[in-house]
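Hello,

Here is the structure I said I would pass on. My notes on its helix packing and pockets follow below it.

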Amino acid sequence: MNSPRSPSLFSPLQVGALTLPNRIVIAPMCQYSAEDGCMTDWHLIHLGQLALSGAGLLIIEATAVEAIGRITPKDVGLYDDATEAAMARVLKAIRRHSRMPIAIQLGHAGAKGSTRLAWEGIDRPLDAGNWPLVSASPQQYLDGVSDWSHAMTRADMDRVRDDFVRSTRFAAEAGFDWLGLHGAHGHLLSSFISPLTNQRTDEFGGTLANRLRYPLEVFKTVRAAWPQHLPMSVRISAHDWVEGGITPDDAVEIARAFKAAGADLIDCSSGQVSKQEQPVFGRMFQTPFADRVRNEAGIATIAVGAISEADHVNSIIAAGRADLCAIARPHLANPAWTLLESAKIGYTEIEWPKQYRAAKSQLERNLERERAAAAAQGTGDR
Ligand SMILES: Cc1cc2nc3c(=O)[nH]c(=O)nc-3n(C[C@H](O)[C@H](O)[C@H](O)COP(=O)(O)O)c2cc1C
């Protein structure tokens, strides 16, 4: 058991040959700020500040394995020398000042590609310069609005699988510590898994085992190209929130299949597969999926979604509901989320960047005073 001075969230976790110092993961977040797939100074600033935040792992935004695999024209890619050099520059600069393990999330937008930047109309098709879309079956993500995708041919499947492998090699060369495969949110691999987006009549459609065939083929070839001692996770949509779509029961089966193929962890997100979805949002609303997958499929999990306080993380980890907690939006509001939350719960062992140490002791003192004042008034709860 962890003592109050060393809460569950600050217990290290070993995955493969990598040891994460704590259980906080910075979730992948698209920034729509790349140029021709190349990371820019924005990424240096954005990822740079996150890398100083004390989290256990930083996952870089969904990175496209080919240019037509981008969601928008400003997505990050890793598919040629220019995109590789741009990413290597950012990674090298961050590494100079941070020891935080860094993951890449490789993905392909599938039918959700060729759209506008989030702040110019999320999911809406480009006005000009659109590119052809591929997915498991022909579909329009927004009925009557989105561009139509075409069903992947075997040649498309070979090309994209090989693109995943090429990006994996680039990522290994660049020195990433961890590779996350994006199998969620209606993107290409997810479009095969969900019965809502896969109407194929060949061996890649029909039963869940058939629908998993192509995502598993990609996973296995990537696993073989990725250093064996380094972790691989798979992000899935554990619930489509639509009648007839993926359910948490299916998620357990999906996790078993990726575990058998060599996955180290399953990152349990949900939804964004169909606009018919009716998700039930709430505090830690996707954690029950991570819990079921972890305890029924017997594989480590990442919980994500509306986890916003250190106490949420502590309770999830201590109760054995997940092995890691990924936190997205709170990190945009406060890149130093882990440092602030640790001070709030009175945990002082965490290392701050040496340049910021003067702020650490002041913050801890101020919060200690607030706790003492609250306790004196009988309103303190910790
Ligand atoms: C701006 C933004 C960009 C995102 N981009 C990605 C992404 O690239 N890949 C991904 O799997 N999820 C992406 N997500 C989803 C987050 O990783 C996360 O699952 C979701 O925001 C829920 O976590 P939160 O409640 O802590 O924000 C994005 C979310 C936001 C807010």
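H1 and H2 cross in a right-handed sense (a crossing is right-handed if the near helix is turned clockwise from the far one by less than a right angle, and left-handed if anticlockwise). The model is predicted, so local features need pLDDT of at least 70 and side-chain atom pairs count only at pLDDT 80 or more, while totals for chains, interfaces and linings use all residues. Residues are numbered from 1 along each chain as its sequence is written, and side-chain values use heavy atoms, with hydrogens and water left out.

Helix packing

Helix H1 covers residues 41-50 and helix H2 residues 81-97; their axes are 10 Å apart at an angle of about 30 degrees. Helices (H or I, at least four residues) and strands (E, at least two) are DSSP runs numbered from the N terminus. Axes are lines fitted to C-alpha atoms, for helices over the stretch in contact, with angles from 0 to 180 degrees between N-to-C directions. On the H1 side, Asp 41, His 43, Leu 44, Leu 47 and Gly 48 meet Arg 89, Val 90, Ala 93 and Ile 94 of H2 (contact means heavy atoms within 4.5 Å). This contact has 5 nonpolar, 2 polar and 2 charged residues. Ala, Val, Leu, Ile, Met, Phe, Trp, Tyr, Cys and Pro count as nonpolar, Asp, Glu, Lys and Arg as charged, and the others, Gly among them, as polar.

The axes of H7 (residues 248-260) and H8 (residues 287-297) come within 9 Å and cross at roughly 50 degrees. H7 is therefore oblique to H8 (under 35 degrees is roughly parallel, over 145 roughly antiparallel, 65 to 115 roughly perpendicular, and the rest oblique). This crossing is right-handed too.

Pockets

The largest pocket has a volume of about 1100 Å³. A pocket is an open set of points on a 1 Å grid over the protein atoms alone, where a 1.4 Å probe fits, with protein on both sides within 12 Å along at least five of seven lines; lining residues have an atom within 4 Å of a point. Its 42 lining residues include Pro 28, His 185, Arg 235, Ser 269 and Gln 272, which lie nearest the centre. H10 gives the most to this lining, with 3 residues.

The second largest pocket has a volume of about 720 Å³. Ala 51, Ser 98, Arg 99, Met 100 and Glu 351 are the closest to its centre among 28 lining residues. H1 and H2 are the elements that give two or more residues to this lining.

Regards

Methods. Points joined across faces, edges and corners; volume = space filled by probe spheres on them.
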